[in-house]
Amino acid sequence: MKFALKHLKLAMAGVAMMSTQVLADTHFLIPGGPGGGWDTTARAVGEALVKSGLESNASFQNMSGGGGGRAIAYLIESGNKKGDMLMVNSTPIVLRALSGKIPYSYRDLTPIASVIADYGAFVVRDDSPFKSWKEVIARLEVNPGSVTVAGGSARGSMDHLIAAQAVKAAGVDGRKLRYIPYDAGGKAKAGLLSGEVKMLSTGLSEALDMAKSGQARILAVTAPEPIADYPEIPTLKSLGYNMEFVNWRGFFAAPDLPQAKLDEYTVRLQKLVQSKEWEAVRARNGWLNLFKPQHEFIEALEAQEAQLKVVMEELGFVRR
């Protein structure tokens with residue numbers, strides 16, 4: 001692993017004893033607009049940190065642009081100068097670096113920890129003629145471009161990749177899927193609800209918000225087995241399609257983060273996921289706990305990078 005040794009060493013005992021707390025309340029940097037998966041995750045983590053007493057306050061900053069690249073550049077250039085700042089991110093930071101959509105990768109930051117796993121979900125308006133995922137596939141088999149699919153990310157990134165993999169598992173050429181990109185999940189939801197598109201590829205947590213409000217229906221999710229909190233939602237596997245996908249979400253800091261702050265962030269997030277306040281937030285959003293401290297998080301990022309490169313090559317999103 002090519003990270004500076006200071007990010008992988010344990011803090012010296014003498015330094016660790018100098019202060020019991022080196023962090024102020026966290027400012028969360030969100031690389032997309034309101035309403036998307038990053039926004040939902042950052043605000044849910046901030047809510048639970050405050051309710052559990054681990055922080056007295058949490059602040060949030062949405063910074064769209066460049067497929068997440070603008071926020072990453074901001075964090076690299078001014079992260080530690082602006083106080084204690086964490087940027088939320090997920091699988092797209094790996095995908096967009098592989099595709100060349102952003103000039104940075106996770107290696108340019110300090111990975112802190114992954115916190116949750118979220119599944120992909122396929123959503124239609126409540127008044128849609130599609131009543132099941134099988135009906136969508138039947139239409140696509142006749143005409144692969146007849147179902148417009150929205151996502152809160154660019155072509156070749158996660159929402160597109162998940163949808164392409166899902167239809168490919170049903171024998172439809174994923175490269176012919178008519179995908180419409182929006183800038184973050186909130187705008188993609190609006191595109192579905194306004195009738196601009198026929199289906200939305202998004203995370204389960206965002207899909208649940210729409211379903212609970214009666215605006216939309218979830219046709220299927222990419223979980224490997226039925227979700228305990230929502231057993232009524234079919235999985236692609238339960239419908240006979242061999243496809244599953246789990247999207248991690250976690251946090252990154254500026255590249256020159258002091259070791260003492262890395263240690264305290266790790267402890268704080270670990271305490272968070274063990275709290276009853278977090279359990280309420282997790283269940284509400286249909287997430288799985290996926291806490292991995294830095295060394296495990298980096299290993300998972302490296303493994304995912306290698307796996308996704310193969311998938312993206314197969315679907316023609318990057319050249320071999």
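Which element gives the most to the lining of the second largest pocket, and with how many residues?

A: The model is predicted, so local features need pLDDT of at least 70 and side-chain atom pairs count only at pLDDT 80 or more, while totals for chains, interfaces and linings use all residues. Residues are numbered from 1 along each chain as its sequence is written, and side-chain values use heavy atoms, with hydrogens and water left out.

The element that gives the most to the lining of the second largest pocket is H11, with seven residues. Helices (H or I, at least four residues) and strands (E, at least two) are DSSP runs numbered from the N terminus. A pocket is found on a 1 Å grid over the protein atoms alone, as an open set of points where a 1.4 Å probe fits, with protein on both sides within 12 Å along at least five of seven lines; its lining residues have an atom within 4 Å of a point.

The second largest pocket has a volume of about 300 Å³, a volume being the space filled by probe spheres set on the grid points, which are joined across faces, edges and corners. It is lined by 14 residues, and Val246, Trp248, Ala300, Gln304 and Gln307 are the closest to its centre. Two or more lining residues come from each of E9, strand E10 (288–293) and helix H11 (294–314). By class, this lining has nine nonpolar, four polar and one charged residues, where Ala, Val, Leu, Ile, Met, Phe, Trp, Tyr, Cys and Pro count as nonpolar, Asp, Glu, Lys and Arg as charged, and the others, Gly among them, as polar.

Trp248, one of the residues closest to the centre of this pocket, also takes part in an aromatic pair. Rings of Phe, Tyr and Trp (its six-membered ring) pair if their centres lie within 6.5 Å, and planes under 30 degrees apart count as stacked, over 60 as edge-to-face and the rest as tilted. By this rule the count comes to seven aromatic pairs. The ring centres of Trp248 and Phe297 are 5.3 Å apart and the planes stand at 80°, so this pair is edge-to-face. It links distant parts of the chain, since Trp248 belongs to strand E9 and Phe297 to helix H11, 49 residues apart. Both Trp248 and Phe297 are buried, a term for under 20% relative accessible area, with over 50% called exposed and the range in between partly exposed (1.4 Å probe, protein chains only).
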